[in-house]
Amino acid sequence: MRYFQRRKARIEIVPMIDIMFFLLVFFIMVTLNMIPATGIDSRLPVSTSAERLESPQVVISLDAAGIISVEQQPLALPQLTALLRERGEETRVVIAGAEAAAVGDLIAVMDACRAAGVTRIGMATRTLPP
């Protein structure tokens with residue numbers, strides 16, 4: 001007769017908490033992988049008249065030794081021009097040059113951008129602390 005008796009429904013909370021923690025960890029890991037690398041660690045030049053631009057599509061890093069990299073991949077100037085040609089003329093580019101980078105290297109990067117047809121070029125700077 002006990003077989004036919006109706007049991008009360010129970011909601012087990014411990015497995016639900018385990019699933020919620022699993023989902024939380026999953027979303028945190030996915031979010032951390034979605035944050036793009038913006039280049040090499042360098043000391044940007046200071047500007048008092050800098051403006052915030054729309055987010056760039058390509059960030060070109062130029063270090064003090066003159067090494068050019070995009071998405072932490074070192075590139076030569078012809079490779080940079082080819083990469084920018086593939087992305088199209090409407091590509092927004094920001095050059096993050098180190099404070100000690102040579103002006104000649106900076107001009108060479110800008111010339112490579114222009115050779116690819118890119119006209120929307122910005123310079124990354126930092127502002128003075130208050």
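Q: In this predicted model, what span does helix α3 (residues 103–115) reach from its first C-alpha to its last?
A: Helix α3 has 13 residues. At 1.5 Å a residue, a span of 18 Å is expected. The model comes close to that, and the reach from the first C-alpha to the last is 18 Å.

Q: Which residues of α3 are buried, and how wide an arc do they cover around the axis?
A: Let's start with the names: V109, A112 and C113 are buried. In general, an α-helix has 3.6 residues a turn, so residues three or four places apart point the same way.

Q: Which exposed residues does the opposite face of α3 carry?
A: Look at the face turned away from the buried side of α3. Exposed means over 50% relative accessible area. The residues there that count as exposed are V103, G104 and R114.

Q: Why is the aromatic pair of F26 and F27 called edge-to-face?
A: The structure holds 1 aromatic pair. The ring centres of F26 and F27 are 5.5 Å apart, and their planes stand at 65°. Planes over 60 degrees apart count as edge-to-face, so the value that decides it is 65°.

Note on methods: Residues are numbered from 1 along each chain as its sequence is written. This is a predicted model: local features need pLDDT of at least 70, side-chain atom pairs count only at pLDDT 80 or more; totals for chains, interfaces and linings use all residues. Side-chain values use heavy atoms; hydrogens and water are left out. Helices (H or I, at least four residues) and strands (E, at least two) are DSSP runs, numbered from the N terminus. The expected span of a helix is 1.5 Å times one less than its number of residues. Buried means under 20% relative accessible area, exposed over 50%, partly exposed in between (1.4 Å probe, protein chains only). Rings of Phe, Tyr and Trp (its six-membered ring) pair if their centres lie within 6.5 Å; planes under 30 degrees apart count as stacked, over 60 as edge-to-face and the rest as tilted.
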